[in-house]
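Please read it with the sequence and the model at hand.

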Amino acid sequence: PSDQIRGAVLFYLGKIERLQGRPAGAIRPLALAIELAQGAEFEAEARYLLAQAYGETGDAAARTGALRGLVKSGLAGSFRQKAIEELKPEVAALTALPSSRAQVVCHRLVDLLNRVDQHDVEEIELLQQALVCDEGGEG
């Protein structure tokens with residue numbers, strides 16, 4: 001409960017800093033509010049405002065990270081929807097792998113799966129041998 005109260009105070013402090021045109025001053029209180037008051041009613045808004053503050057200070061990577069964090073959090077509501085909307089251009093900019101790179105990745109995956117399969121075969125053989133050698137005792 002005390003963390004929820006401190007989180008709420010920090011949330012409003014960060015919100016006021018941003019509204020007064022000081023986004024850099026909003027970042028730390030909002031980040032702390034999110035950490036202290038997970039699950040609080042204001043968490044989604046705090047996450048969204050943190051992303052906005054990062055963007056307003058020119059830290060595009062942190063802004064994107066904060067928006068992704070809000071989406072991943074699973075918190076429902078309008079702030080999560082806004083974050084999804086704001087991430088759409090980033091998703092649209094993703095491109096498919098060039099075919100040569102995709103082939104390399106596929107070959108590596110096949111090699112990995114073959115090693116896993118071989119490991120499974122060896123493990124099954126060891127278990128079968130242990131079962132055959134076990135004469136009903138303690139193992």
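Which residues of the largest nonpolar core touch the most other members? Among the 23 residues of this core, they are Phe-11, Leu-30, Phe-42, Ala-46, Leu-50 and Leu-67. A nonpolar core is here a set of buried Ala, Val, Leu, Ile, Met, Phe, Trp, Tyr and Cys residues joined through side-chain atoms within 4.5 Å, where buried stands for under 20% relative accessible area, exposed for over 50% and partly exposed for values in between, with a 1.4 Å probe and protein chains only.

The model is predicted, and local features need pLDDT of at least 70, side-chain atom pairs count only at pLDDT 80 or more, while totals for chains, interfaces and linings use all residues. Residues are numbered from 1 along each chain as its sequence is written, and side-chain values use heavy atoms, with hydrogens and water left out.

Two or more residues of the core come from each of helix 1, helix 2 (23–36), helix 3, helix 4 and helix 5, and helix 3 gives the most, with eight residues. Helices (H or I, at least four residues) are DSSP runs numbered from the N terminus. Phe-11 is buried, with a relative accessible area of 1%. Leaving aside residues up to four places away in sequence, Phe-11 touches Pro-29, Leu-30, Ala-33, Phe-42, Glu-45, Ala-46 and Leu-49, a contact being heavy atoms within 4.5 Å.

**Aromatic pairs**

Rings of Phe, Tyr and Trp (its six-membered ring) are paired if their centres lie within 6.5 Å, and planes under 30 degrees apart count as stacked, over 60 as edge-to-face and the rest as tilted. By this rule there are three aromatic pairs. Phe-11 and Tyr-12 form an edge-to-face pair, with 4.8 Å centre to centre and 65° between the planes, and Tyr-12 counts as partly exposed at 48% relative accessibility. The pair of Tyr-48 and Phe-79 is tilted, at 5.7 Å centre to centre and 45° between the planes. This pair links distant parts of the chain, since Tyr-48 lies in helix 3 (residues 43–56) and Phe-79 in helix 5 (residues 78–93), 31 residues apart. Tyr-48 is buried with a relative accessible area of 11%, whereas Phe-79 is partly exposed at 22%. Ring pairs also link Phe-11, Tyr-12 and Phe-42 into a cluster.

**Helix 3 against helix 5**

At what angle do helix 3 and helix 5 pack? The angle is about 35°, and the axes are 9 Å apart; the axes are lines fitted to C-alpha atoms, for helices over the stretch in contact, and angles run from 0 to 180 degrees between N-to-C directions. Helix 3 contributes Ala-44, Glu-45, Tyr-48 and Gln-52 to the contact, and helix 5 contributes Phe-79, Lys-82, Ala-83 and Glu-86. By class, this contact has four nonpolar, one polar and three charged residues, where Ala, Val, Leu, Ile, Met, Phe, Trp, Tyr, Cys and Pro count as nonpolar, Asp, Glu, Lys and Arg as charged, and the others, Gly among them, as polar.

Gln-52 of helix 3 counts as buried at 15% relative accessibility, and beyond residues up to four places away in sequence it touches Arg-18 and Glu-86. Thr-64, in helix 4 (residues 60–73), is likewise buried, at 17%. Thr-64 and Gln-52 are twelve residues apart in sequence and 9.6 Å apart in space, C-alpha to C-alpha. With residues up to four places away in sequence again not counted, Thr-64 touches Leu-87 and Glu-90.

**Salt bridges**

The structure holds eight salt bridges, each defined as a side-chain nitrogen of Lys or Arg within 4 Å of a carboxyl oxygen of Asp or Glu. Three of them are listed here.

| Salt bridge | N to O distance |
|---|---|
| Lys-15 and Glu-45 | 2.8 Å |
| Arg-18 and Glu-56 | 2.7 Å |
| Arg-68 and Glu-90 | 2.1 Å |

Lys-15 lies in helix 1 (residues 2–19) and Glu-45 in helix 3, so this pair ties together parts that are 30 residues apart in sequence. Lys-15 is partly exposed, with a relative accessible area of 26%, while Glu-45 is buried at 19%. Arg-18 in helix 1 and Glu-56 in helix 3 are 38 residues apart, and Glu-56 is partly exposed at 42%. Arg-68 in helix 4 and Glu-90 in helix 5 are 22 residues apart; Arg-68 is partly exposed at 41%, and Glu-90 is partly exposed at 29%.
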